[in-house]
Amino acid sequence: MELERWGSGPRVYLGLHGWGGNRTTFEPLRVRLPPDVTFWSADLPGYGVSPRPEAFTEAAVVDDIVAAVRRVSEESGARPTLVGNCLGAILALSTARRIERELAGLVGIDAFPFLPWYFSLFTRGSFGRRAYFATFASALGRRLTNQALAARRTEDADLTASFARVDHDVTLAYLHIMRAIGGAEHFAGLGLPVTLLHGERTFGAVRSGGERWRRALPQVRTVALAGAGHLPLQEAPDAVAAVVFGEDR
């Protein structure tokens, strides 16, 4: 996996971007790094310049993330905190299931506690594939979708712009991984510190997911960001930085 390093402090973080993103997703945090922080931002397998995983399965993707965690740990001499955005939060939790003792903690940004029907639809055979490409692979589809989701974002945010630059076979494959993982219950038993933050205007499945996350992870801390939608890193970067770096307590 391609990694980009920002800062040189003793507290170490590894960022895993969301469904349509890449390592630039965390740029809003770059200018907000506390002086004691090192932040590594990754291209997930198949995104940006990272090669595809050996297979599009949870296990194969986590293999690559584990290798990245160990590279970061070796270079920094510290256990990193994983910071996952949307899809990246789910993959961070999957990684924690494998190597919990090698991590200092986990922060998830706008993490779905399950794959809602309106995303699961795209995994339903040839019909789902056609529906996905009509929605995300066409400029018109992206524009209409972003307009339809106006209530789930701030006025200047674009929920679909990043899909103009992705490999759509890759993004669709990750939806199948999400569907196979299921819901929050998949991560029951994890004991490391977990913080989940979301925008107060995000998708209903995220806003209402707190109780489901708490049943699976009783230690979880949840934070709602006023005014933000599904893209808190763009819409409320100061508030996100304060939560990620523990300055909001």
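Predicted model: local features only at pLDDT ≥ 70, side-chain atom pairs only at ≥ 80, totals over all residues.
Seven strands form an open sheet, and their order is β1-β3-β2-β4-β5-β6-β7, with mixed pairing. At its edges lie β1, residues 3-7, and β7, residues 221-225, each of which pairs on one side only. From one strand to the next, the twist averages 20°.

Strands of a sheet pair through backbone hydrogen bonds, either parallel or antiparallel. As an example, please consider strand β5, residues 105-109, and strand β6, residues 194-199: the two run parallel and are joined by four bridges. Within this pair, Gly 108 has Leu 196 of β6 as its bridge partner.

I turn now to the helices on the sheet. Helix α2, residues 58-76, lies across β1, β2 (11-16), β3 (37-42) and β4 (81-85), and runs at about 155° to β2. Helix α3, residues 87-99, also packs on the sheet, where it touches β2, β4 and β5. The direction of α3 makes about 145° with that of β4.

Finally, the helix pair. How do the axes of helix α5 and helix α7 cross? The axes of α5, residues 125-136, and α7, residues 168-181, come within 11 Å and cross at roughly 125°. With that angle, α5 is oblique to α7. Their crossing is right-handed. On the α5 side, the contact is made by Arg 129, Tyr 132, Phe 133 and Phe 136; on the α7 side, by His 168, Asp 169, Thr 171 and Leu 172. Sorted by class, this contact of α5 with α7 has four nonpolar, two polar and two charged residues.

Note on methods: Residues numbered from 1 in each chain as written. Heavy atoms only, no water. Axes fitted to C-alpha atoms, helices over the stretch in contact; angles between N-to-C directions. Parallel < 35°, antiparallel > 145°, perpendicular 65-115°, else oblique. Left-handed = near helix turned anticlockwise from the far one by under 90°. Contact = heavy atoms within 4.5 Å. Nonpolar A, V, L, I, M, F, W, Y, C, P; charged D, E, K, R; others polar. Pairing = 2+ DSSP bridges.
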